[in-house]
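Try each task before reading its solution.

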Amino acid sequence: MKIAKIELFLCRLPLVHFFETSFGRSYDRMFVLIRLEGEGHEGWGESVAEANPYYSGETTETVWHIISNFIAPLVVGKSFDHPRDIYAALKRIRGNNMAKAGVEMAAWDLYARSQGQPLSRLLGGTRDRIASGVSIGIQDSLDQLMEKIDKELSAGYQRIKIKIKPGWDIDAVERVRAKFGGIPLQVDANAAYTLDDTELLARLDPFDLLLIEQPLDYDDVMDHATLQERLKTPVCLDESIHTVRIARDAIDAGACKIINIKPGRVGGHQASIELHDLCEANGIPVWHGGMLESGIGRAHNIHLASLPNFTLPGDIAASKRYYQPDLIDPPIDIASDGTIAVPTAPGIGVNIKRDRVDKATLRHVSL
Ligand code: OSB
Ligand code: MG
């Protein structure tokens, strides 16, 4: 597979509803789309880096810089036997997984289209529908949070995740349990606590949460191991898991019982498959995280989440929760049983609306 050209699109889309985490509140989403051409086909990817360096050190501008100056020269005009070889070919470039993933995932789409196969089949997917959950941000009031949860449960979503931060944690969970009983429920702290908060976090134990996601800092695997010893609630790592090697160390150290896989965070589909397999071999269940992707990144996520060890519902929800209209048509939707169909057309298998991409584009370059 020869890659002839890379195009980058810096896009901005308004969010249907603001999204607030322990990092702050966003009303829109900036992201970089990647389009590859080669062998008479195209391939699309979406880098999950945000406009700010809060979830990760990468931003839309670093992704633009790293792809333009360092990844494109290693990829454009080069031939690869298989997209699984791309991440390894970028090894000289340290870190910058979100930039690498955007290109690598576009190459998987291009390759799958050239083979006339749905992406899930090439990735090793084993199911034709995935279980869908929602991530609900911090709201203006607990009443507003209850309303949102009610709406999502009525839509059929199989589990609820709420964002927590100091001051929006125990009370929120207590209210949810009191109102909605034993629904599948988990929380995500986005690194808002320290080991000094162990007693507070242990007060979540009686609420039977599926997991607590990334309670401590992003570079702090060992404190998570100490915390997990003191908590009944399973610790799940998100921000901390950048590579398969860190995941191995975290598992060996007992720092987590569950891992959230986001291909954008670990460098693409190949690294995600390796992480998935490592977890499976160690009895660690995984679920697919989300980064408020447009339909392009979301479609990639659906294909990856069709692999067998994605045994917990993911943060992959319907397009209309995020963008109206989405960049794809038809948009991604869930069935009343809270599942999403894995597209069966070649590649990511969704229709990209070029006029909508162009309308969302603030800057474009061809490399
Ligand atoms: O921590 O999982 C996270 C969104 C942006 C950055 C980080 C996270 C999230 C989410 C949203 O939780 C998940 C979704 O796409 O719905
Ligand atoms: Mg998270």
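**Exercise 1.** Which residue in the turn between β2 and β3 has a positive phi?

*Solution.* This is a predicted model, so the angle is a computed one. Start with the strands: β2 pairs with strand β3 (residues 41–47) in the antiparallel sense, over seven bridges. Within this pairing, Arg35 stands opposite Trp44 in β3. Now go to the turn. β2 and β3 form a hairpin with two residues between them. Glu39 in that turn has a positive phi of about 55°.

**Exercise 2.** Find how β1 and β2 are joined and paired.

*Solution.* Strand β1 covers residues 5–21 and strand β2 residues 24–38. Their sense is antiparallel, with 13 bridges. One bridge partner to check is Asp28 in β2, which faces Pro14.

**Exercise 3.** Decide whether Thr60 is buried or exposed.

*Solution.* First place Thr60: helix α1 spans residues 60–75 and includes Thr60. Next, take its relative accessibility, 3%. Buried means under 20%, so Thr60 counts as buried. Then list contacts, leaving aside neighbours within four places in sequence: among them are Leu10, Met30, Phe31 and Val32.

**Exercise 4.** Identify the residues that coordinate the magnesium ion (ligand 2).

*Solution.* Look for the donors: Asp188 (OD), Glu213 (OE) and Asp238 (OD), at 2.1 to 2.3 Å. Their spacing in sequence is D-x24-E-x24-D. Asp188 sits in strand β7 (residues 185–188), while Asp238 is in the loop between β9 and α9, 50 residues apart. Last, check burial. Asp188 has a relative accessible area of 0% and is buried. Asp238 is buried too, at 0%.

Key. Residues numbered from 1 in each chain as written. Chains lettered and ligands numbered in written order. Predicted model: local features only at pLDDT ≥ 70, side-chain atom pairs only at ≥ 80, totals over all residues. Heavy atoms only, no water. Donors = N, O, S within 2.8 Å, 3.2 Å for Na, K, Ca; no water. Helix = DSSP H or I, 4+ residues; strand = E, 2+ residues; numbered from the N terminus. Buried < 20%, exposed > 50% of the residue type's maximum accessible area, 1.4 Å probe, protein only. Contact = heavy atoms within 4.5 Å. Pairing = 2+ DSSP bridges.
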